[in-house]
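Good morning, and thank you for coming. I would ask you to look at the structure with me while I speak.

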Amino acid sequence: MPERKRVAVLADSDTRWKWGATTARHLVPDHELSGYLLRGRATPTARQLGEVGVRADRLAEVTCAEFLAEIEREHYDVVVLALVGGAVQAVLHGARALWPAPARRPVLVTGYVGVVYEKLADGLLLRHGADLVLANSRHDAERFRAVYEGVGADAGAVTETALPFLGGAPYEPAGSRAHTVVFAVQPSVPDSRADRAYLLERAAGHARKHPDREVLIKLRSKPGEHTTHLEEQPYQRLAERIPGGLPANCRLVYGNMGEVLDGADLLVTVSSTAALESLHRSIPTAVLTDLGIREALGNHHFLGSGCLASWDQLDSGLLPEGDPVWLAAQGVHIPGAGGAGGDAHAVARAKVAGLLAATRLPSPAPYYTLATAPGYLPGILARHRLAPDGTPMPGAARQEAGESRLRRRLRAHLREAARGAYRHGVQRVAPVIRRLGEL
């Protein structure tokens, strides 16, 4: 019986842990999974990890330098970097310092959690140097290659896949059960209190207009928790300010998105990746236009999807249908794509297998170096306690050990402060909480 491969996933938020762990499942089906959470503002809580529903054989919270020491010592076969671009770049340079010449090292994989609608060039160039840079669709793969080729960088790592958590049973109409509308909210889109209150009131208004329907406000986090993006105006607090409260058929819910979609008859969002999960299952999906179609909102990504709609149209009974051509370009619901049996991860899995079969792999070669970005790269590495050559700064381990204890205490106080602010409606503490959350 072949030996199980050893895979490590380093993630810096709940959503990126979900992406990284499910990606590992697709690329290395039979593996032992070690999970590492990068210590920082968005380090997920046990509740958030449980909600994601993907478990690791072991789980630890680490700094960048500690993770580099782990992958040198533990001899992993594959390392999935589910991180923001700057953190990916730091780990890649750290790996380059560990293996400056061809060596038996782990296959390094990275990519994006969902829809890529901003910082395309910046994020991609910070990910360059990984053995595989996963693109969630044909559309993204073409854009990614164009960026790398545009700066003269090797684009061979770009590999077309699909979002790893697309799945679930195909949609079946409600029938005898109540028609269920799910409004998937986002932590920072939109960001203003007025816009978020408007969207919540429209969801509540939809419930009032359709008393035979269930309207679920799908939340991402509880007060005091952080996600990939900061949430300064939580919907829990805004719901308390609705005159008369939410109607009886409208409620706030948590939970795994896939499980929530199991009972959905309409998914409504501004630009959440949940829209792609919903479309993959053929659930009617609406991307809201009430606040305009704007790059800042991310809903411009859905131009041509057939899903753009307003609450007024939804109130009138519209159930949008996704455009098949647009869906195919986005890697959603594509029969027979990505290899035999419609396996969108077959090509990526074959690439990983080929790299694992090699005796030695070349040293990671990021595009950003002290020659190409001398005014940018050192600052990125320094934020993760790495010197310009990718090695840990002198005394970094000792300093981080002391700081980690302080961070844990501060984060505990932060969560308590956030809960207190939520309970008492103290809005002016939000800037303080935001700054503390960066520790």
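The buried residues of helix H13 are covered by elements including strand S1 (5–11), helix H1 (14–27), strand S4 (78–82), strand S5 (107–111), strand S6 (132–135) and strand S7 (158–160). Helices (H or I, at least four residues) and strands (E, at least two) are DSSP runs, numbered from the N terminus. This is a predicted model, in which local features need pLDDT of at least 70, side-chain atom pairs count only at pLDDT 80 or more, and totals for chains, interfaces and linings use all residues. Residues are numbered from 1 along each chain as its sequence is written, and side-chain values use heavy atoms, with hydrogens and water left out.

Which residues of H13 are buried? They are Ala348, Val352 and Leu356; buried means under 20% relative accessible area, exposed over 50%, and partly exposed in between (1.4 Å probe, protein chains only). Seen down the axis of H13, these buried residues fall within an arc of 75°, so they line one face of the helix. The arc is that of the directions from the helix axis to the C-beta atoms.

Let us turn to a loop residue. Thr161 sits in the loop between S7 and strand S8 (179–184), and it counts as buried at 4% relative accessibility. Beyond its neighbours within four places in sequence, Thr161 is in contact (heavy atoms within 4.5 Å) with residues including Leu134, His345 and Ala348.

Finally, Val270 lies in the loop between strand S11 (266–269) and helix H10 (274–280). Val270 counts as buried at 4% relative accessibility.
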